Structure formats: C-alpha cells, structure tokens
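Let's take a walk through this structure together. Keep the 3D view open as you read.

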Amino acid sequence: MTVWKKLIYACVLNSFFVSGATGQTGESYVVANVKPDDVLNVRTGPGAKFSDIGDVPHDGQLQVIGFNEDKSWAEVIWQDDVAWVSASFLKKAIVWPELASEALSCGGTEPFWDAEIKQNEISFAMMGQDPKIEDINWTGPAQGRPEDFIKGITAGPYTLVVRKQICSDGMSDQEYPWAVVVMNRIEGGVQMVEGCCR
C-alpha cells in the first residue's frame, strides 16, 4: 500500500472511529477548493507560521474536533494526535448511515416496490412479490465525488446507486433524505426503478 493510500485510508477511518490517543470524537469534513494536483497542509498550530507536518489530498477526509476563535483554522485528529488545517478548505461531509445499527428503508411508486439496505444484505420486492434477500458483495462512493456523496451497492443481481438529496415519493408531501436507483438483472435484460430512502 502506497503512502498516499495509507494516508487516505487513515483519514477515512478517523471519520468513523474515536482516536485512541486523543480520546476525542468530531465531525467528518472533506477537503474542498483544493485542485486535484494540490494538497492541504497540516500544521502544528492555527496559522501558516506553524510547521507543516503533513498533507491531505484534494479529496481527503478529516475529523474536526474544534476551531480557533474566529473559526479560520480547524483542529483535526492527525496520526493519533491533533493538528490544524485552514478551515477555508474544508466542507462538512455527508456521512453514510451507520448500517451496523440501522437500515435504510427505500421504496418507489409507479411501479410500487420496496427495499431495505442493511450492513451486509439487501432485500428487494416488487409489489405483490415476496422479498428477495441478497448478500452485499461491494459498496463504495463515486470516484471524485466526496462532496456530493453517492454510494454504489451490488448484491446478487441488484445494483443500487444511493445519492444524498431531497427526494419525494410523488404521492405525498413527505420528503426523504436519500434518492435511489435500483437495477435488477433479469432474464432478457435489466429492470430499473427509482425512489427514495430514509
């Protein structure tokens, strides 16, 4: 594993777990407004005069545990310690639900269907059919889209694309936080439906 891959992997893990050394948790942020061939400097204190101790790539994630008084610098968990980055290059991350403790319930109309996405499996059913349960064999975000969070999931014949956006079921005034497209490989082709999740 390259140094960059290790760095990105560590940053992603830090967005979900507590750092053992600091004992602090925070909110997940993504690096924004940094060109693809550039990096965000990590410093020992809240200012450009402090030592540069590392770099985060343009699509990296950091766990922010606080800000300086004018909120121009963010304190982050960095390599089992704390450090600082310029807050102007951060944007709050959209965090995927913790599927270990909760499931996403999804559904759509015209045609009617429903699905449930859990940590390791999905169930899917068209109206009038028994649910089919499949183990999840792949999940991951869209490349180059850390700010507009899109997640892909494959499970058996199903491919789901879940996107963080306000979604309407078309039949009520209720709004849902996630939109979803489900593609089901069937004999003779692909059946595709769309809907919302919560």
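Before we start, one term: two strands count as paired if DSSP finds at least two bridges between them. With that in hand, look at strand E13, where Lys-151 is the bridge partner of Pro-141. Keep in mind throughout that this is a predicted model.

That pair of residues belongs to a bigger picture. E12 and E13 run antiparallel and are joined by four bridges. On to the next pair: E13 and E14 are also antiparallel, with six bridges joining them. Here Ile-150 stands opposite Arg-163 in E14. The hairpin made by E13 and E14 has two residues between its strands, and Gly-156 takes a positive phi there, near 55°. E13 itself is mostly covered, with five of its six residues buried.

Now zoom out. These strands sit in an open sheet of nine, in the order E11-E10-E9-E8-E16-E15-E14-E13-E12, and the pairing is antiparallel. What stands at the edges? Strand E11 (132-135) and strand E12 (138-141) do, and each has a single partner strand, so one side of each is left without a neighbour in the sheet. From one strand to the next, the twist averages 25°.

Further along the sheet, strand E8 (residues 104-108) pairs with strand E9 (residues 113-117) in the antiparallel sense, over five bridges. In this pair, Gly-108 has Trp-113 of E9 as its bridge partner.

Leaving aside neighbours within four places in sequence, the contacts of Trp-113 include Cys-106, Phe-124, Met-126, Val-180, Val-182 and Val-193.

One last stop is Ser-86, in strand E6 (residues 81-86). Is Ser-86 buried or exposed? Buried means under 20% relative accessible area, so at 14% Ser-86 counts as buried. Not counting residues up to four places away in sequence, Ser-86 touches Leu-40, Ser-72 and Trp-73. The side chain of Ser-86 also makes a polar contact, at 2.9 Å, with the side chain of Ser-88.

Key. Residues numbered from 1 in each chain as written. Predicted model: local features only at pLDDT ≥ 70, side-chain atom pairs only at ≥ 80, totals over all residues. Heavy atoms only, no water. Axes fitted to C-alpha atoms, helices over the stretch in contact; angles between N-to-C directions. Contact = heavy atoms within 4.5 Å. Buried < 20%, exposed > 50% of the residue type's maximum accessible area, 1.4 Å probe, protein only. Polar contact = N/O pair within 3.5 Å; in protein donor to acceptor, adjacent residues only side chain to side chain.
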